[in-house]
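Thanks for coming, everyone. I will keep this brisk. Please look at the screen.

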Amino acid sequence: MTGSRIEWVRSSCRLLAAIGDEFDRSKPFDGLRIGTGIHLEPKTVALLLVLSRGGAEVVSTGNLNTTQQDAVDYLRGHGIAVVGGPTSDEEQHGRHLREVLDAEPQLLLDNGGDLFLGWLEQPYEGLLGGTEETTSGRMRLAPLRDRIRRPLLVINDSPIKQFAENRHAVGQSVLESFLRITNRSTNGRRVVVFGYGACGKGVAANFRNAYADVAVVEVDPVARLEALLDGFRVPDRDHALRAADVVITVTGARDVVTAADLAFFAHGVVLANAGHFPFEIDVRGLERAHGVESREESADGIATLRLADGRHIHVLTGGHMVNLAGPHPLGNSIESMDLGFALQARCLEAVARGRIGPEACVVPVPADIDASVAEAYVRAAGPGA
Ligand SMILES: NC(=O)c1ccc[n+]([C@@H]2O[C@H](COP(=O)([O-])OP(=O)(O)OC[C@H]3O[C@@H](n4cnc5c(N)ncnc54)[C@H](O)[C@@H]3O)[C@@H](O)[C@H]2O)c1
């Protein structure tokens with residue numbers, strides 16, 4: 001990652017830039033320390049720098065496996081304290097999180113619940129509250145409301161995050177990743193999307209817009225009906241797999257595609273996962289299945305399984321999130337992250353200013369913050385938007 005990409009991202013985050021200009025004057029975080037445990041990559045760099053412009057002393061560390069050294073260097077060069085660097089070592093990561101908490105931040109920006117759980121293990125005076133970015137963090141923290149007893153706003157539960165990132169941005173970036181990794185066209189290709197939630201809707205729509213022939217497989221009859229009314233075919237699972245050129249899972253569920261499906265796959269099928277965890281496609285099970293003779297890396301981000309009967313099955317990015325794990329991943333669009341991080345900045349500001357009471361513990365973003373961020377985005381789009 002070069003410095004220029006970080007500059008490109010910063011200059012493209014229009015909402016964050018405007019909030020930063022405002023924070024230069026209003027200083028909502030003056031005298032406060034904000035502890036963060038979120039991926040350190042160009043888009044989070046833009047967010048952390050805006051918090052710093054608001055007067056915060058930011059003490060940050062990354063998440064497991066995702067920290068980018070250039071982002072760390074850039075932050076340090078701009079006066080942000082970063083604990084540690086890239087690591088895949090869970091114990092080391094745990095020590096980094098502890099070090100962030102040892103600084104006793106008054107606000108926490110959490111991603112997965114680790115910081116708030118760490119605070120509950122060793123509570124300190126002065127924590128005002130904070131934010132949690134993800135659904136998985138919300139699920140860990142919600143049962144602990146009685147012990148947290150502070151404002152804690154969950155960004156993922158904002159409708160803006162649901163449609164801007166999960167639907168539009170994931171759909172676009174999964175299509176972009178398929179094109180970038182395979183360099184194959186989508187025209188007329190039979191694509192099967194497993195899951196028609198927020199993300200699946202975007203993936204299905206983007207591939208259809210790229211002239212693919214898209215079918216949806218859903219376990220929920222209501223979501224299946226919605227897919228049908230949206231104009232997608234909704235064949236039975238086995239029928240869909242037999243006809244598929246490309247299979248994309250985006251469900252959040254385990255073992256959506258397994259070795260038991262090998263019998264159905266056509267020669268040359270491409271399998272990709274866009275769900276959070278790499279267990280939607282049981283890649284190891286497929287590799288070890290009876291009839292699989294060999295596995296080879298056929299191109300960067302593509303593994304090919306050769307079957308004894310002559311068929312080839314291609315798996316993208318080892319079954320990890322195809323839009324984040326492949327060669328030169330860019331992730332979701334800057335605009336979608338700008339929206340999500342504008343929600344972060346406004347939520348932290350509201351907690352810092354005492355505008356949110358302790359009863360708002362592990363709850364969605366307040367409606368007035370959603371409205372103000374939405375208005376700012378539409379305004380920035382210009383009068384003809
Ligand atoms: N790649 C990314 O950048 C990115 C971004 C956001 C979320 N995600 C992940 O994508 C996944 C889906 O997120 P979402 O917001 O769409 O979730 P969602 O809960 O809105 O939708 C999931 C859908 O999958 C369906 N489903 C579950 N098991 C299934 C199965 N075995 N076969 C077919 N359908 C099945 C459910 O009925 C549901 O309709 C999650 O793992 C989420 O964390 C990825």
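One definition before anything else. A residue is buried if 20 or more other C-beta atoms lie within 10 Å of its own, exposed if 12 or fewer, and partly exposed in between, with C-beta atoms placed from the backbone.

Now the ground rules. This is a predicted model, where local features need pLDDT of at least 70 and side-chain atom pairs count only at pLDDT 80 or more, while totals for chains, interfaces and linings use all residues. Residues are numbered from 1 along each chain as its sequence is written.

Start with D255. Is D255 buried, exposed or partly exposed? D255 has 13 other C-beta atoms within 10 Å, so D255 is partly exposed. D255 sits in the loop between β9 (246-249) and β10 (269-273). Helices (H or I, at least four residues) and strands (E, at least two) are DSSP runs, numbered from the N terminus. What does D255 touch, leaving aside its neighbours within four places in sequence? The contacts are F279 and D282. Contact means that the C-beta atoms of two residues, placed from the backbone, lie within 7 Å. D282 is 27 residues from D255 along the chain, yet their C-alpha atoms are separated by 5.7 Å.

Next, I302. This residue is in strand β12 (residues 302-307). I302 has 19 C-beta neighbours inside 10 Å, so I302 counts as partly exposed. Setting aside neighbours within four places in sequence, I302 is in contact with I181, T182, H314 and L316.

Two backbone points. Most residues other than glycine have a negative phi. K27 has a positive phi, near 45°. K27 is in the loop between α2 and β1. With 14 C-beta neighbours inside 10 Å, K27 is partly exposed. N183 also has a positive phi, near 55°. N183 lies in the loop between α9 and β7 (190-194). N183 has 8 C-beta neighbours inside 10 Å, so N183 counts as exposed.

On to the helices. Two packed helices are described by the angle between their axes and the distance between the axes. Axes are lines fitted to C-alpha atoms, for helices over the stretch in contact, and angles run from 0 to 180 degrees between N-to-C directions. Angles under 35 degrees count as roughly parallel, over 145 as roughly antiparallel, 65 to 115 as roughly perpendicular and the rest as oblique.

Keep your eye on α15 (residues 334-352). Take α9 against α15. Their axes come within 9 Å and cross at roughly 160°. The two helices are therefore roughly antiparallel. I160, K161, A164, E165, H168 and A169 of α9 meet S336, L339, G340 and L343 of α15. By class, that contact has five nonpolar, three polar and two charged residues. Here Ala, Val, Leu, Ile, Met, Phe, Trp, Tyr, Cys and Pro count as nonpolar, Asp, Glu, Lys and Arg as charged, and the others, Gly among them, as polar.

Then α2 (residues 14-26) against α15. These axes come within 8 Å and cross at roughly 30°. That makes α2 roughly parallel to α15. From α2 come R14, L15, L16 and I19, and from α15 come D338, L339, F341, A342 and A345. This contact has seven nonpolar, no polar and two charged residues.

Third, α15 against α16 (residues 367-380). The angle is about 135°, and the axes are 10 Å apart. So α15 and α16 are oblique to each other. L339, A342, L343, R346, C347 and A350 of α15 make the contact with I369, S372, V373, A376 and Y377 of α16. The classes here are nine nonpolar, one polar and one charged.

Over to α6 (residues 114-121). Which of its residues are buried? D114, L115, F116, G118 and W119 are. They pack against β1 (33-37), α5 (90-102), β4 (107-110), α7 (135-141), α8 (145-148) and β6 (152-154).

Last, the ligand. How many residues surround the ligand? The shell has 26 residues, and the closest are G195, G197, C199, G252 and H276. Helices α9 (159-182), α10 (198-209) and α14 (322-325) each supply at least two shell residues. The largest share, three residues, comes from α10. The shell divides into 14 nonpolar, 10 polar and two charged residues.

Notes. A residue is near a molecule or strand if its C-beta atom, placed from the backbone, lies within 6 Å of it.
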